[in-house]
Amino acid sequence: MTNGLGGKIRRLRKEQKLTLDKLADLSDSSKSYIWELENKNPPRPSAEKLTKIAEVLGVTIEYLLDEKQTITEEDAVDVQFYREYRHMDPDTKEKIREMVKLWGKPG
């Protein structure tokens with residue numbers, strides 16, 4: 001029986017067409033560790049590894065751990081984007097803001 005955390009990781013991994021090996025590589029984990037998170041109940045995740053997995057999958061650790069599903073995937077993706085945005089250099093931030101302004105203008 002899969003758990004909420006494992007089910008979310010598996011679904012996001014498959015949606016992004018990532019193999020266990022690829023997700024493990026991108027998150028500095030092992031294939032067996034990812035498999036255990038997806039299949040063991042209850043999983044025993046390390047906060048550091050789970051944070052890296054969430055980053056690779058483009059969501060937040062809070063979303064992955066939210067058993068009651070009070071955090072939507074869309075909100076988690078937005079929060080993760082903002083966390084990445086906050087660490088960008090000022091020129092890149094300005095370019096992103098300008099692109100958003102252009103998208104928001106009526107045609």
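Begin by selecting Lys101 and Glu98, which form a salt bridge whose closest N and O atoms are 3.5 Å apart. A salt bridge here is a side-chain nitrogen of Lys or Arg within 4 Å of a carboxyl oxygen of Asp or Glu. The two residues are 3 places apart in helix α7 (residues 90–104), about one helical turn. Glu98 is partly exposed, with a relative accessible area of 35%; buried means under 20% relative accessible area, exposed over 50%, and partly exposed in between, with a 1.4 Å probe and protein chains only. Helices (H or I, at least four residues) and strands (E, at least two) are DSSP runs, numbered from the N terminus.

The model is predicted, so local features need pLDDT of at least 70 and side-chain atom pairs count only at pLDDT 80 or more, while totals for chains, interfaces and linings use all residues. Residues are numbered from 1 along each chain as its sequence is written, and side-chain values use heavy atoms, with hydrogens and water left out.

Next, select Glu15 and Arg11. Their salt bridge has its closest N and O atoms 3.0 Å apart. Both residues belong to helix α1, where 4 residues, about one turn of the helix, separate them. Glu15 is partly exposed at a relative accessible area of 47%, and Arg11 is likewise partly exposed, at 29%.

Now select Arg10 and Glu38. The closest N and O atoms of this salt bridge are 3.6 Å apart. Arg10 lies in helix α1 and Glu38 in helix α3, so the pair ties together parts that are 28 residues apart in sequence. Are these two partners buried or exposed? Arg10 is buried, with a relative accessible area of 18%, and Glu38 is buried as well, at 2%.

A nonpolar core is a set of buried Ala, Val, Leu, Ile, Met, Phe, Trp, Tyr and Cys residues joined through side-chain atoms within 4.5 Å. The largest one has 19 residues, and Ile9, Ile53, Leu57, Val59 and Leu64 have the most contacts inside it. Two or more residues come from each of α1 (4–15), α2 (20–26), α3 (31–39), α4 (47–57) and α5 (61–65). The largest share, 4 residues, is supplied by α4.

Finally, select Val59. Which residues does Val59 touch, leaving aside those up to four places away in sequence? They are Leu12, Ala54, Leu64, Glu73, Ala76, Val77 and Gln80, where contact means heavy atoms within 4.5 Å.
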